[in-house]
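Welcome! Please take a look at the sequence and model below, and then read on for a short tour of a few local features.

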Amino acid sequence: MIILVILIPFITGILVPSLPFRQRKHWEIFLECAVILNSILVWYLLLHHSSSTFLLAHFTGDLSITFKVDGLGMVFAGLVSALWPFATLYAFEYMTKEEHEKVFFMFYTMTYGVTLGIALAANLLTMYFFYELLTLVTVPLVMHTLTREAILASRKYLYYSLGGAAFAFIGLIMIIIYGTTTDFVLGGVLDLAKIGDRTNILLLIYVLAFIGFGVKAAVCPFNSWLPQAGVAPTPVTALLHAVAVVKSGAFAIIRLTYYSFGTDFLRGTWAQTVVMLIVMFTIVYGCSRAVKETHIKRRLAYSTISNLSYILFGAVIMTPFGLAAALCHLVFHAVMKISSFFCAGAIIHQTERNYVHELDGMGYKMPCTFGIFTVSAFALMGVPGLAGFISKWNLAAAAVKSGNVVAYYGIACLLVSALLTAIYMLTIVVRAFFPVKISYSALDGIKDPNWKMLIPLFVFTLFIILFGIYSQPFVDFFYNVAVGLS
């Protein structure tokens with residue numbers, strides 16, 4: 001079943017441009033049904049999984065391509081499979097104004113399978129293999145429009161991703177040499193007898209591997225590729241910024257920290273302090289840049305940079321509460337950010353306007369789109385009753401419970417970030433609904449998109465509210481994952 005849910009998106013993606021569909025709606029139905037079927041199979045797998053592993057290919061010694069469903073993999077795979085069908089439906093409408101649709105959907109669907117491969121990997125080698133493959137299948141999506149900006153953005157994304165993977169590869173080698181196994185084991189796999197007096201070397205390797213995986217998670221100073229990738233079609237940037245690529249980087253760091261090196265080895269060391277300072281700086285930096293940015297999608301991209309480091313901040317607290325809070329924000333932020341990005345995409349699709357100063361009065365012409373954007377804005381700010389408040393509260397609580405002095409400064413970064421988030425998100429809302437001056441003739445013909453775009457937006461809004469008012473079962477599950485009970 002694990003191999004099946006990874007292969008179905010690959011096979012479906014390959015078939016989309018090659019099968020002789022007579023009408024566009026026929027291949028849309030084929031693709032949507034295949035994605036929905038795969039998501040159903042993923043959830044069946046997650047709800048009926050066993051503790052056994054599946055060996056796909058053995059190389060030598062302890063090196064193999066192996067898959068397993070564990071608690072952490074369930075969180076990421078469940079998130080990806082829940083969002084992808086809605087993202088695909090949204091993309092059908094958005095891509096009507098773009099060329100080379102079938103090639104786009106080929107790579108778009110294949111990315112689904114690769115991301116599931118990362119989520120369900122049973123060891124560091126398997127995760128690294130799919131992590132590299134994720135770069136290769138998403139580069140064509142970034143350069144889809146083939147404009148000069150798209151080509152330059154895809155080139156930068158490729159260079160950064162391959163460079164980061166090289167640093168992550170060093171961590172893989174060290175785990176092979178100094179670990180008892182490359183399998184993911186909660187608590188870590190390092191053999192202290194082998195390490196001897198090389199503790200500082202291993203800590204340095206951890207920091208390098210953290211930064212390597214952190215390139216996709218857009219940590220400073222390796223985050224400039226993310227705003228530039230906004231030249232891609234919005235369905236791509238939404239998945240790059242909310243689910244597949246950036247969350248894969250955060251997920252890989254969690255695996256590296258909790259399941260390979262181990263928090264007992266890392267907690268209280270200079271390495272923990274270094275990575276914590278990196279993510280704290282990134283939190284404030286991303287929000288500060290978002291306030292200055294006037295391009296809608298790039299503003300949301302800088303917001304993503306900040307919020308990704310929320311996840312990493314919880315992870316590097318290196319306690320069960322910290323991991324639970326990190327998983328909480330990983331899931332809740334995905335829903336909030338994909339909602340805001342899809343709203344931005346709907347605005348661009350309907351109006352061909354890309355900048356904040358062009359949105360004056362548009363809330364009256366697109367009430368559904370801007371109403372949903374307002375909900376996602378309040379959620380990202382951390383307004384009580386919505387998903388963002390829950391995850392930010394848990395991050396702050398985990399920092400307090402850790403007793404780590406550096407983590408206390410992280411709480412101050414969260415508060416500064418919340419203020420800056422209110423500024424850069426509400427600026428858009430206020431311009432849309434309360435313009436200083438408005439030219440009604442300039443808004444002629446503007447309206448909300450059709451149901452293919454609106455249905456995903458309404459569903460994401462319901463999730464944002466649900467997570468805000470009924471979060472405890474999810475938070476309890478995340479804590480069970482953190483302590484190894486799920």
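Predicted model: local features only at pLDDT ≥ 70, side-chain atom pairs only at ≥ 80, totals over all residues.

Residues are numbered from 1 along each chain as its sequence is written, and side-chain values use heavy atoms, leaving out hydrogens and water. Helices (H or I, at least four residues) and strands (E, at least two) are DSSP runs, numbered from the N terminus.

**Helices α17 and α18**

- Helix α17 (residues 387-402) and helix α18 (residues 405-433) have axes that come within 8 Å and cross at roughly 160°; axes are lines fitted to C-alpha atoms over the stretch in contact, with angles from 0 to 180 degrees between N-to-C directions.
- The two helices are therefore roughly antiparallel (angles over 145 degrees; under 35 counts as roughly parallel, 65 to 115 as roughly perpendicular and the rest as oblique).
- The crossing of α17 past α18 is left-handed, meaning that the near helix is turned anticlockwise from the far one by less than a right angle.
- On the α17 side, K392, L395, A396, A399, V400 and S402 meet A407, Y408, I411, L414 and A418 of α18, where contact means heavy atoms within 4.5 Å.
- By class, this contact of α17 with α18 has nine nonpolar, one polar and one charged residues; Ala, Val, Leu, Ile, Met, Phe, Trp, Tyr, Cys and Pro count as nonpolar, Asp, Glu, Lys and Arg as charged, and the others, Gly among them, as polar.

**Helices α16 and α19**

- Helix α16 (residues 367-381) packs on helix α19 (residues 451-469) at an angle of about 30°, and their axes are 10 Å apart.
- That angle makes α16 roughly parallel to α19.
- α16 also passes α19 in a left-handed crossing.
- C368, T369, I372, V375, S376 and A379 of α16 make the contact with L454, L457, F458, T461 and I464 of α19.

- Strands β1 (residues 54-60) and β2 (residues 63-67) run antiparallel and are joined by five bridges; strands pair if DSSP finds at least two bridges between them.
- A57 stands opposite I65 in β2.
- Two residues lie between the strands of this hairpin, and G61 in the turn has a positive phi of about 60°.

**S39 in helix α2**

- S39 belongs to helix α2 (residues 24-47).
- S39 counts as buried because its relative accessibility is 7% (buried is under 20% relative accessible area, exposed over 50%, partly exposed in between, with a 1.4 Å probe and protein chains only).
- Not counting residues up to four places away in sequence, S39 touches S81, P85 and Y112.
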